[in-house]
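Here's a friendly walk through a structure that may be new to you. Take a look at it, then read on.

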Amino acid sequence: MLKNIDPRLYLITGIIIFPAFLFTTDLFIRFLFVIIAVVLNIITGRKFRVLPNILLSLGIIIAHIYPPSGKVYYEIGQFYITQGAIFLGLKKSLLLIGSVYISRFSVRKDLVLPGKAGALFYEIFFYFEKLTELHLKFKKNIIEQIDSKLLEIENSPAIKEGAKTKSPSINSKPCFRQILFFAAIVFLFWGLFGYSHINLWRS
């Protein structure tokens, strides 16, 4: 069912579900959105690594330690680990991680749009996909690793051919099961979004 899917289906689905994720204020619902986005990436052939996301979340939480706000959980010297810092850090880290994985699900390097604008978007999508696949080694210079990857992408045959690159063989029309799968994703995201706001109105 998930083979030979028109990449435009991924893009359209991502555009529709992203506002539901972006404007969710409920922390638990946003966490569910991130889990769903990760699962969607895995079942559609994308990789997921736990450690970088944990480090990113910890980094954002630490960045919000000062000024302290809310209930104090831990005290380390002059630094206070507070409820406000943890919740704000989690909220922002989930927003960033979820945005990355929804984008990775939505953007496929075989998406080819017509015209010069299509060629530009092809390059943007190609760069984005390759950069999100980059495995950084923290013991080495991170800037040099990114720069090396950018040069590798720039010199790759696919980026030189640009939008002239032909898409892989796909069905001329999506089958019913494929449409149902993407419709279910949209329904799930907006259903959870509506549920979170119903609870907010009741409280």
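Let's start with a bend: helix H1 has a kink of about 25 degrees at Ile16, shortly before the proline Pro19. The bend at a residue is the angle between axes fitted to the seven residues ending there and the seven starting there. Helices here are DSSP runs of H or I with at least four residues, numbered from the N terminus. Keep in mind that this is a predicted model, where local features need pLDDT of at least 70, side-chain atom pairs count only at pLDDT 80 or more, and totals for chains, interfaces and linings use all residues. Residues are numbered from 1 along each chain as its sequence is written, and side-chain values use heavy atoms, with hydrogens and water left out.

Which residues of H1 are buried? They are Pro7, Leu9, Tyr10, Leu11, Thr13, Gly14, Ile17, Ala20 and Phe21, where buried means under 20% relative accessible area (1.4 Å probe, protein chains only).

Now for a partner. H1 (residues 7-22) packs with H2 (residues 27-43) at an angle of about 150 degrees, their axes 10 Å apart. That makes H1 roughly antiparallel to H2, a label for angles over 145 degrees. Those axes are lines fitted to C-alpha atoms over the stretch in contact, and angles run from 0 to 180 degrees between N-to-C directions. On the H1 side, Ala20, Phe21 and Leu22 meet Arg30, Phe33 and Val34 of H2; contact means heavy atoms within 4.5 Å.

Finally, hop over to Ser93 in helix H4 (residues 83-106). Ser93 counts as buried because its relative accessibility is 0%. Beyond its neighbours within four places in sequence, Ser93 touches Ser57 and Ile60.

Notes
Helix = DSSP H or I, 4+ residues; strand = E, 2+ residues; numbered from the N terminus. Parallel < 35°, antiparallel > 145°, perpendicular 65-115°, else oblique. Buried < 20%, exposed > 50% of the residue type's maximum accessible area, 1.4 Å probe, protein only.
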